[in-house]
Amino acid sequence: MDNENRSGTNTANGSRDYHVIDIVHVLKALWIRAWIIVLAGIIAAGAGFSYAAFVLTPKYSSSVMLYVNNSSFSLGNTNFSISSSEILAAQSLVKTYSVILKNRTTLDMVNDEMKRKHGYEYEYKELHDMITASAVNETEIMRVTVVSDNPEEAAAIANCIAEVLPVRISEIIEGSSMEVVDRAVANYQKISPSITKYTAIGLMLGVLLSVAVLTVIAMMDGTIHDEEYVLNTYDYPVLAKIPDLVGTGSKRYGYGYKRYGYYYRKYGAYSNYGTYGNNAHAADNADKSDKGKKGGQA
């Protein structure tokens with residue numbers, strides 16, 4: 001069928017056991033329960049918003065820009081100049097300087113400077129994870145960015161790096177130097193978390209999870225819901241259809257249900273309809289007899 005997908009597995013006797021997936025049935029089940037999908041998406045989006053707004057700590061960044069200068073170097077007592085065609089060498093040095101920046105010795109010097117000037121003290125791993133360095137548009141400009149939950153602290157660390165790193169570079173690489181292009185300032189606009197991003201992720205997860213759960217429930221549902229399902233699945237003719245009397249609102253049926261419910265409670269449940277019916281009629285006769293006796297006594 002066009003609306004069904006079939007998948008088979010081999011049984012013990014070598015035959016194949018086919019499982020039929022009615023796509024139309026699954027889509028109908030999803031459409032009927034669309035309100036669950038919408039509600040799950042809204043709840044998950046609210047959870048994502050709350051998590052980003054009230055649980056996660058805001059992060060701020062501050063950057064300092066340094067110029068990598070490698071215009072000359074010395075060999076013994078002789079100085080050599082490097083032409084502008086050697087700018088690529090200076091660009092490649094940015095990666096080298098980034099490695100030097102994030103080694104333990106350099107960061108210990110930055111930590112000592114922060115402790116002396118601002119009273120902050122860090123572990124090596126903590127400070128290492130706060131710092132990133134990269135070249136600006138493949139130029140000789142090196143940008144060092146510091147991320148912290150305090151914007152003023154991030155700017156202070158970046159400016160300490162601007163003081164320590166040029167000295168450290170000149171000690172290691174002879175003839176190289178760095179100049180500060182732009183000092184860091186406190187940036188009070190947070191860079192993370194993104195409330196919009198977390199809300200959208202929550203919305204998508206809520207919708208996808210609810211659709212997945214409802215799809216599994218629909219595929220595992222073996223209930224026959226209408227005659228069309230019988231015709232399409234088994235190709236059997238429908239001989240009769242039982243009406244839904246519970247939803248008709250018939251007063252007569254409601255009275256009968258209450259009446260038989262009374263006898264069910266009074267005389268107990270029976271295993272077959274005939275026994276239940278005979279006892280019900282016997283109960284009717286007993287009631288009539290009781291009423292006749294009471295009338296005669298009156």
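First, the ground rules. The model is predicted, so local features need pLDDT of at least 70 and side-chain atom pairs count only at pLDDT 80 or more, while totals for chains, interfaces and linings use all residues. Residues are numbered from 1 along each chain as its sequence is written, and side-chain values use heavy atoms, with hydrogens and water left out.

Now the chain. Its secondary structure comes to 10 helices and 8 strands; these are DSSP runs numbered from the N terminus, helices being H or I with at least four residues and strands E with at least two. Of the 298 residues, 27% count as buried, meaning under 20% relative accessible area, with exposed over 50% and partly exposed in between (1.4 Å probe, protein chains only). Among contacts with a separation of 6 or more, 67% join residues 24 or more positions apart; a contact means heavy atoms within 4.5 Å.

Next, confidence. The mean pLDDT, the predictor's confidence in each residue from 0 to 100, is 76 for the chain, and 65% of residues reach 70 or more. Where pLDDT is low, the predicted coordinates should not be read in detail.

How do helices α4 and α6 pack? Their axes are 9 Å apart, at an angle of about 125°. The axes are lines fitted to C-alpha atoms over the stretch in contact, and angles run from 0 to 180 degrees between N-to-C directions. The pair is therefore oblique: under 35 degrees would be roughly parallel, over 145 roughly antiparallel, 65 to 115 roughly perpendicular, and the rest is oblique. Residues making the contact include M109, V110 and M114 of α4 and I157, I161 and L165 of α6.

Also in α4, which spans residues 104-117, is N111. Is N111 buried or exposed? N111 counts as buried because its relative accessibility is 12%. Leaving out residues up to four places away in sequence, N111 touches Y120, E121, Y122 and L127.

Last, I43, which lies in helix α2. At 54% relative accessibility, I43 counts as exposed. I43 and L203 are 160 residues apart in sequence, but their C-alpha atoms are 7.9 Å apart in space.
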